Amino acid sequence: MSPHPTILGYLGRALSLEFSAVQQFLATARLLESRGIDAAAQRFQTEAREEMEHVERIIGRMLALGAAPNASQLRPVRVDGSLTELVLSAVELERDITDFYARAVADALAIQAHEDRLFFDQLLQEERHHLVEAETWYRELTNPGGQR
Ligand SMILES: [Fe+2]
Ligand SMILES: [Fe+2]
């Protein structure tokens, strides 16, 4: 059975988004390291590794479906701004990826591509987790005392 074009489209865009996240988070980590903010740099390093694991999973899925991985639409990398601004950029990126996987799950369901729906749903859950972590970090930076 050949894969549905809708699914191949989502896999291709997922690959581009995940590679964009890897590139952004590695750049952010190196930038923060150069400023001596090592703990934050380490967090972005870890984040980049998790996104790289998503890249690997998507490539595996594409190969299993007989499609060649071809990420060509990478987002521009942000290499300026304060730590707070960089964390906010991470929040926005995680939110975009989360919204993207939510659409992938809905569309896979609509065309009854059940295995693909499960595949995207697993990524959706993990990205929701990333989003909550990034949002929490952002709140800690902008409201350190925890008061409202
Ligand atoms: Fe990811
Ligand atoms: Fe993520």
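**Helix packing and the iron site**

Tutor: In this predicted model, the residues A40, R43, F44, E47, E50, E51, E53, H54, R57, I58 and R61 of α2 meet E115, D116, F119, Q122, L123, E126, E127, H130, E133 and W137 of α4.

Student: How do the residues of the contact of α2 with α4 divide into nonpolar, polar and charged?

Tutor: The residues that meet include E47, E50 and R57 from α2, and E115, E126 and E133 from α4. Divided by class, the contact of α2 with α4 has six nonpolar, three polar and 12 charged residues.

Student: Are α2 and α4 roughly parallel or roughly antiparallel to each other?

Tutor: The axes of these two helices come within 12 Å and cross at roughly 170 degrees. Angles over 145 degrees count as roughly antiparallel. The relation of α2 to α4 is therefore roughly antiparallel.

Student: What is the handedness of the crossing of α1 and α3?

Tutor: Helix α1, residues 5–34, packs against helix α3, residues 83–110, at an angle of about 165 degrees, and their axes are 11 Å apart. That angle makes α1 roughly antiparallel to α3. The crossing of α1 and α3 is left-handed.

Student: How many nonpolar residues does the contact of α1 with α3 have?

Tutor: By class, this contact has three polar and five charged residues, and the nonpolar residues in the contact of α1 with α3 number 17.

Student: Which residue coordinates both the iron ion (ligand 1) and the iron ion (ligand 2)?

Tutor: The protein donors of the iron ion (ligand 1) lie 1.8 to 2.6 Å from it, and they are E18 (OE), E18 (OE), E51 (OE), H54 (ND1) and E127 (OE). In sequence, these donor residues are spaced E-x32-E-x2-H-x72-E. The two iron ions, ligand 1 and ligand 2, are 3.7 Å apart, and the residue that coordinates both is E51.

Student: Does E18 count as buried or exposed?

Tutor: Buried means under 20% relative accessible area. The relative accessibility of E18 is 0%, so E18 counts as buried.

Student: Which residues does D116 touch, not counting residues up to four places away in sequence?

Tutor: D116 is found in helix α4, and its relative accessibility of 11% means that it counts as buried. Leaving out residues up to four places away in sequence, D116 touches I7, R61, L65 and A108.

Student: With which residues is A67 in contact, leaving aside its neighbours within four places in sequence?

Tutor: A67 has its place in the loop between α2 and α3, and it is buried, with a relative accessible area of 14%. Beyond its neighbours within four places in sequence, A67 is in contact with L8 and M62.

Student: What pattern does the protein follow, read along the sequence?

Tutor: The protein has four helices and zero strands, and its C-alpha atoms fill a box of roughly 55 × 30 × 20 Å along the principal axes. Read along the sequence, the pattern of the protein is α-α-α-α.

Conventions:
Residues numbered from 1 in each chain as written. Chains lettered and ligands numbered in written order. Predicted model: local features only at pLDDT ≥ 70, side-chain atom pairs only at ≥ 80, totals over all residues. Heavy atoms only, no water. Axes fitted to C-alpha atoms, helices over the stretch in contact; angles between N-to-C directions. Parallel < 35°, antiparallel > 145°, perpendicular 65-115°, else oblique. Left-handed = near helix turned anticlockwise from the far one by under 90°. Nonpolar A, V, L, I, M, F, W, Y, C, P; charged D, E, K, R; others polar. Donors = N, O, S within 2.8 Å, 3.2 Å for Na, K, Ca; no water. Buried < 20%, exposed > 50% of the residue type's maximum accessible area, 1.4 Å probe, protein only. Contact = heavy atoms within 4.5 Å.
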